[in-house]
Amino acid sequence: MLDYSRYKNDSITGRYINLKAVQPCFTKLSDPPIAIGSSVNGVDIHAFKMGFGDKKVLMWSQMHGNESTTTKAVWDMVNYLQSDEPLAKTILRECTLTILPMLNPDGAEIYTRENANKVDLNRDAKSLTQPESMAFRKLFESFQPDFCFNLHDQRTLFSAGKTNKPATVSFLSPSSNKERHITPSREVGMKLIVAMNTMLQDLVPGQVGRYDDGFNDNCIGDTLQMLGVPTILFEAGHYPKDYEREKTRELIFLSIVEALKTIATDKINDFKTGDYFSIPENDKLFFDILVYNPDIVNPEFEAGHSVGIRYKEVLVHEKIVFRPKIAEIGPLTSFYGHQTLECIDSKDFGFPSTQKEILNLLLRFNK
């Protein structure tokens, strides 16, 4: 297994990653980046190439501006590929990579999913109404990749199937039609996902999920799969107590390298399509905090009910603050919490001092 600490780019950490944060990374590239277009607000969108092989891989991150974990992992991957590791040299010899580390710089700046026109770029692949979408499509058509890596984050609510394990990393080989047929390009994506899952099960057993494959031809992955290019959706999810997503970042880095290794060494057909479907499909069974017996602190809650709390991520002074919000109230017997709190005493409520914000949230509740 790779020694991740040797390649982690320590200059970019946390959840808020804007263009300013990654500018120093661009200066370390052997070849300067190229502006492929500009955003709604006129910010240049940059891509760069690495390697000189026949197998062409296009990857992009922060299509959603508030999904930054994979951006960090991409720059870790760049560090690795610039190293003297034999596998890194093999990847660069066999593959040509075009890397677009931040497709939506306007959204990244204000930490929103959409671009400055409030359009979700991942629902604009067919319509191409936005400058970012048009710039991406022009890059895709000029590069003509053999593989595409679509890099995202997913929310903390996802579980790996109907289990008490979070979907720390999730994958999808998107459908290319409503019938969800396993086309040749989709099959290649499935096999690459099996390769990554095989590696990840040694590190986070039971914490890999399979994203829903409902078809939408305005989503970028579905569109590219329709065009016959194997496309993989990477989703960086929650690892216990890792709200800054630094552990998940490592897992995404390792996954990207594993996929590139599989491509570079012609090992794709070593893996079976059927094993893709053994990866549990994501469910939505997690709250950030699950509070039991809230009626002890506030009789407005019904006895026997629990409170599911999810954090809202808010940008404050270039940092992400996690503000708790009540998401659901009820028996919640089939749900899990990344953290659980038990209201056990009307005097101290069983709450640690670090959770007084949660206590105040419960006390303010009025049905």
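**Reading the model, term by term**

Modeller: Gladly, and let's begin with His 317, which counts as exposed at 75% relative accessibility.

Biologist: What makes His 317 exposed rather than buried?

Modeller: Exposed means over 50% relative accessible area, buried under 20%, and partly exposed in between, with a 1.4 Å probe and protein chains only. His 317 has 75%, so exposed is the word. A note on the source: this is a predicted model, where local features need pLDDT of at least 70 and side-chain atom pairs count only at pLDDT 80 or more, while totals for chains, interfaces and linings use all residues. Residues are numbered from 1 along each chain as its sequence is written, and side-chain values use heavy atoms, leaving out hydrogens and water.

Biologist: Where is His 317 found, and what is its phi?

Modeller: His 317 sits in the loop between E10 and strand E11 (319-330). Strands (E, at least two residues) and helices (H or I, at least four) are DSSP runs numbered from the N terminus. The phi of His 317 is near 50°, a positive value in a residue other than glycine. Most residues other than glycine have a negative phi.

Biologist: Which other residue has a positive phi although it is not a glycine?

Modeller: Gln 62, at about 50°, is found in the loop between E3 and H2. Gln 62 has a relative accessible area of 0%, so it is buried.

Biologist: Why is strand E8 called largely enclosed?

Modeller: Six of the six residues of E8 (residues 231-236) are buried, so the rest of the structure largely encloses this strand. Both faces are covered: Thr 231, Leu 233 and Glu 235 are buried on one side, and Ile 232, Phe 234 and Ala 236 on the other.

Biologist: How do you know that E8 pairs with strand E5?

Modeller: Strands pair if DSSP finds at least two bridges between them. E5 (residues 147-153) and E8 have six, in the parallel sense, so they pair. Leu 151 stands opposite Phe 234 there. Strand E6 (residues 169-172) runs antiparallel to E8 and is joined to it by four bridges, with Phe 171 opposite Phe 234.

Biologist: Why is the contact between Glu 313 and Arg 15 called a salt bridge?

Modeller: A salt bridge needs a side-chain nitrogen of Lys or Arg within 4 Å of a carboxyl oxygen of Asp or Glu. For Glu 313 and Arg 15 the N to O distance is 3.0 Å, so the pair meets the rule. Glu 313 lies in strand E10 (residues 306-316) and Arg 15 in the segment before helix H1 (19-26), so parts 298 residues apart in sequence are tied together. Arg 15 is buried at 4%, whereas Glu 313 is partly exposed at 30%.

Biologist: What makes Arg 186 and Asp 213 a salt bridge?

Modeller: Their closest N and O atoms are 2.8 Å apart, so they fall within the limit. Arg 186 is in helix H6 (residues 184-200), and Asp 213 is in the loop between strand E7 (208-210) and helix H7 (220-226), 27 residues apart. Arg 186 is buried at 1%, and Asp 213 counts as buried at 11%.

Biologist: How many salt bridges does this rule give?

Modeller: The count comes to 22. Lys 8, Lys 72, Asp 76, Glu 246 and Arg 249 are linked in a network of them.
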